[in-house]
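User: I am new to this structure and would like a short tour. Could we start with the terms and then go through the parts?

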Amino acid sequence: MLEVNHVKKNYGSLTAVNDLSFSIQPGEIFGLLGTNGAGKTTTFKMILGLLEPTEGNIRFHGKKISYDDVDQIGYMIEERSLLVKLSVKELVLHYGALKGLDKDTILERLNYWLKRFNIESYLDKKIKELSKGNQQKIQFITAIINNPKLLVLDEPFSGLDPINTNKFVEVIRDFQQKGTMIIFSTHQIDHVESFCEQLIVLEKGIPVLQGKISDIKKDFKRHNIRLIGEVEEAKLRSIEGVLDVIIQPNEWIVKIADESFSEAVFNYVKTCKNIRKFDVEQATLSEIFIEKVGETYEQV
Amino acid sequence: MSKFKYLLKYGIKRRIGTKAFYIANIVIFIALLALMNIPNIVAFFDDGEASKEIVYVVDDTQKGLESIEILDQSTQALLSMIPGANVSFEPQATVDPNNLSFGASKAIIHLTANVDILVVDIYKNGLDTLNETVLLQALSVLKVQVWAADKTPAELELISDFNQPLVYEIHTQEDDHTTRDLILSAISVFVAIPIFIMLILSVQFVGVDIIEEKSTKAIEFVMSTVPPQTHFMTKILASFIFLIVQSGLIFIYGIIAGFVSTTVLGATNGQMSISELIGMLTETDSNIISSVLNALPMALFITLIFMIVGGLFFMIFMATLASMSTSMEDFQSFQSPFMFTMLIGFYASIFSMYMGDSIVLKILGYIPLFSPIVVPTLYMSGVLGVVDVIISFVILIGSTVGMYYLLAPVYKASILSYDQSPFFQRIKKMFKRSKAI
């Protein structure tokens, strides 16, 4: 289990992370969200032992993370951290050896992953000759080559097309099945929504939202009503509890303060013509994120 | 294999065993071979028509020998064996050591006899070393003739062999000590250049290695697997080993080239000593060269230890500078003041033979930033004595150890920092951060 207990990190007078606490169980996927400079990468670096917390502590299987544990951890940093003059084989051999693996094991696993990502012909290609997406794949392979017990992924999907994103997701799910603890950050909230059990939203180092995604969504009162039909915007806006009305090419989205206001909206809509859809749904994680981060901005 | 060993091996492999390494070493070997075989190359193209040098002979042996004829005959036999030599002898009635009159000659030899032992005084006036060698060989023949002059056939039969060495004294027109120091100074300049190049190369390797990892962010991966101290040590040690291996290889190339020059190609047919060979090349008295060669082992030893410890000192410094840099451009501007300091040391070495016993040079010899380059040349040119060298070396070792303990925490604090603040501000910041760590 990974435990982060009341961690704080100061850079001089700047507090990058403030009173952050969470835990991840084996086989759990944890999402870390936040705008740029929110403190996600600092958190990852503290988990990896690259930075020492100013306050609080981080424990991996009950003890402080040290260089004895690094062989059980996989790390993929946000920016590409590849030695571009090396070939794929040379680079993965180098990084694998730094993870304490022997040459044969590295080559065996490398061949497997190259095949799985459909890039087996790139084995002897220089990293600098690869496309950004393929470089991202190699970087991902270097993070998982040691079959880690804890996988730390900082923006793993950036620069990837949807097909390759799905491949990454499949692999991440495989590791989850094997009991790997996975923590990752992303700007693409739909990824968090699709396969994270828990998340934390950081804003300027402060956790503004935290917990199980289902609970977060449940606790968030606002709802959306999606409807298709001949309705009048002004009349919709005049209904009590309606916060906003968005007109999309095919449908209307009516944002309401609470699920209980859906009845009033429904009462108006049923008087309109050609109503083909009326669907009340929870607010998206993206909306919750914007709402919460916006609140923090206002507080600051 | 531990990660320390792995990283060290990886660092060494990146420097040694690459195509660039092989090509550079082939070029160095060929250059050394060519340099040390200049006499053979000269001899190969020599048409044998070297200009003749005249030696005046004053024969006071009172043995009634035709000394000029004996010397001429002996010389003729030797001239065919030593390309480039050409000497002839002319008789002179007297010689005044206090008022030498060389005339057209390059040397005057005064022959006397102590009972049956030939005693020779050689007064040189720029006699070619090759011709000097021929002269000494010819005098050895004359020596036997002088010894045998008063002997009966019966006496000669009783003593079948005569092994007494030639008794001779060479009087040169130059001040030996000054010449010796001048030659050592000149050698020191040639020594300063490879030291400077090797040091620049090795410290550059450390810096470039680190900055390559840092600028590509690969350092983040590496540092998540090994502690900063391990990374710091392996980077320095890998370049340090490269420095030693490359220096050792150059030394071996020198020996091979020397062996090829004197034994395999052997323009001198093995009859010439190294001092005579160098003397021939530099047109200097072989005795002075011999004195230079006697001083050289100590000088080279000092050069070697200063290069090794100095290299370590500079590498620690350069690794820390690289850890504070964020890109290659940043690193280049960061290292400029450091390179400038090394250049000062280099120029001080070059000009040490002209500046003589300068107090500024002596002070530079005690400062670790300059001493690795300056001390070997200052020792060779006679500005620093052995005691000075020992003091300077102790200071250098102390500074190297101190520098390691001072800068290792700074390296740890700065290796993952991408701070872009100005030069001095960044250094200050990193020192402050290292104390916090």
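Analyst: A term comes first: two residues are in contact if their C-beta atoms, placed from the backbone, lie within 7 Å. Please note also that this is a predicted model.

User: Noted. Which residues does A:Glu281 touch, leaving out those up to four places away in sequence?

Analyst: With those left out, A:Glu281 touches A:His223, A:Asn224 and A:Arg226. A:Glu281 itself belongs to strand β14 of chain A, which covers residues 273–282.

User: Is A:Glu281 buried or exposed?

Analyst: A:Glu281 counts as exposed, because it has 12 C-beta neighbours inside 10 Å. A residue is called exposed at 12 or fewer such neighbours.

User: And how many Å separate the C-alpha atoms of A:Glu281 and A:Glu129?

Analyst: The two C-alpha atoms are separated by 47 Å, and the residues are 152 residues apart along the chain.

User: Stepping back, what domains does the assignment give for chain A?

Analyst: The assignment gives domain 1 (2–217) and domain 2 (221–282). The centres of these two domains, taken over C-alpha atoms, are 41 Å apart. The C-alpha atoms of chain A fill a box of roughly 70 × 45 × 30 Å along the principal axes.

User: How many helices and strands does chain A have?

Analyst: Chain A has 10 helices and 14 strands. Of its 300 residues, 36% are buried.

User: What is the strand order in the open sheet of 4 strands?

Analyst: The order is β2-β1-β4-β5 in chain A, and the pairing is antiparallel. Strands β2 (14–24) and β5 (63–64) of chain A are at the edges with a single partner strand each, so one side of each has no neighbour in the sheet. Helix α1 (residues 40–47) of chain A packs on the sheet and touches β1, β2 and β4 of chain A. The direction of α1 makes about 60 degrees with that of β2(A).

User: Over how many bridges do β1 and β4 of chain A pair?

Analyst: Strand β1 (residues 2–11) and strand β4 (residues 55–60) of chain A pair over 5 bridges, in the antiparallel sense. A:Lys8 stands opposite A:Glu55 in β4(A).

User: Changing topic to chain B: where does the kink in α15(B) lie?

Analyst: The kink lies at B:Leu407, shortly before the proline B:Pro409, and is about 30 degrees. Both B:Leu407 and B:Pro409 are among the buried residues of α15(B), which also include B:Val389 and B:Tyr411.

Conventions:
Residues numbered from 1 in each chain as written. Chains lettered and ligands numbered in written order. Predicted model: local features only at pLDDT ≥ 70, side-chain atom pairs only at ≥ 80, totals over all residues. Helix = DSSP H or I, 4+ residues; strand = E, 2+ residues; numbered from the N terminus. Buried ≥ 20, exposed ≤ 12 C-beta atoms within 10 Å, placed from the backbone. Domains from an automatic or database assignment. Bend = angle between axes of the 7 residues up to and from the residue. Pairing = 2+ DSSP bridges. Axes fitted to C-alpha atoms, helices over the stretch in contact; angles between N-to-C directions.
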